[in-house]
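Dear colleague,

I am passing on the structure below, and I would be glad if you read the notes with it open beside you.

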Amino acid sequence: MDAQESLQFFQKCVADDPEISVTVAAIRTLLEVLKKTEAETLAGLRDNIQNVVSRLTTIEDSVTSVSSGCELFLRFVTLASLDQSDFKECKRILVDRGELFLKKAAGSRKRIAKLSGQFIRDGATILTHSKSRGVLQLLKEAVDQNKRFQVYVTESMPDMSGNLMHKELQDLGIPSTVILDSAVGYIMERVDMVLVGAEGVGESGGLINKVGTYQLAVMAKAMSKPVYAVAESFKFQRIYPLNQKEVPNKHKYCNTTETGHPLVDYTPPSYITLLFTDLGVLTPSAVSDELINLYC
């Protein structure tokens with residue numbers, strides 16, 4: 001299975017299941033490569049997977065989460081100790097590990113919703129940004145608990161993904177209103193909390209997310225509103241940006257040159273109240289400890 005075939009497999013995964021996270025689709029692709037590789041050594045197998053990872057991280061959308069998920073998959077599957085001398089048996093063990101990792105990743109969203117549902121109070125007014133499947137799952141869990149609340153969604157230019165979020169919320173029966181990105185300051189005094197997703201989480205607990213998240217967090221802090229972020233642990237990354245310029249260009253732009261509209265921005269941990277993750281509800285400062293556990 002070469003890089004082109006793997007990209008086609010990834011695209012098919014996304015097309016067949018519109019609700020699948022692109023990161024989970026990427027992990028599923030790597031597992032398929034692991035099953036079908038013709039490599040005869042662990043080094044060759046690792047090289048094959050690395051080539052596919054390089055191809056998958058050229059995808060314009062969700063570069064941050066795809067790269068972190070693929071890196072963690074590679075770490076979990078191929079760098080753990082193997083006591084078998086027979087390559088076929090080693091490969092079987094690696095596939096088993098891959099299946100386990102995929103199952104955990106695919107179930108992350110539902111686990112987050114169950115662990116964090118208590119933070120969505122009955123009668124709350126929530127402000128969210130862009131479209132986040134994690135946020136949607138959390139709000140769906142709250143609806144299933146018969147909680148009533150309303151949501152304001154930023155339009156989220158330039159792709160207007162807030163309109164997609166608005167439709168998803170309405171399909172769930174959740175009262176939702178789309179607002180202009182420039183109306184965040186105007187609407188902030190009406191909301192009880194800001195709830196956003198994440199493309200990636202740095203070692204400091206800062207967020208890389210759809211551009212516009214930073215301004216929401218700054219305004220929320222100015223008006224003493226809590227900011228909660230929904231993030232699967234496979235989005236934790238070993239990067240430590242201190243400002244917007246230090247976020248790698250591969251995350252911010254469709255290509256590595258600093259041109260066009262940035263896709264994401266960086267929100268420092270001082271603006272984040274709590275992170276809702278499949279590892280539990282974390283403070284931003286706890287992310288570095290969890291990264292040590294994930295990569296050691």
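**The sheet and its helices**

Helix H8 (residues 161–171) lies across strand E1 (125–128), strand E2 (150–154) and strand E3, running at about 170° to E3. Here helices (H or I, at least four residues) and strands (E, at least two) are DSSP runs numbered from the N terminus, while angles run from 0 to 180 degrees between N-to-C directions, with axes fitted as lines to C-alpha atoms, for helices over the stretch in contact. Helix H10 (residues 213–222) packs on the sheet as well, touching E1, E2, strand E4 (193–196) and E7, and its direction makes about 160° with that of E4; contact means heavy atoms within 4.5 Å.

This is a predicted model, in which local features need pLDDT of at least 70 and side-chain atom pairs count only at pLDDT 80 or more, whereas totals for chains, interfaces and linings use all residues. Residues are numbered from 1 along each chain as its sequence is written, and side-chain values use heavy atoms, with hydrogens and water left out.

The open sheet has 7 strands in the order E3-E2-E1-E4-E7-E9-E10, with mixed pairing, where two strands pair if DSSP finds at least two bridges between them. Its edge strands, each pairing on one side only, are E3 (176–179) and E10 (280–282). Strands E7 (residues 227–230) and E9 (residues 274–277) run parallel and are joined by 3 bridges, and Tyr 228 has Leu 274 in E9 as its bridge partner.

Elsewhere, helices H6 (residues 108–116) and H7 (residues 133–144) pack at an angle of about 50°, with their axes 8 Å apart.

Best wishes
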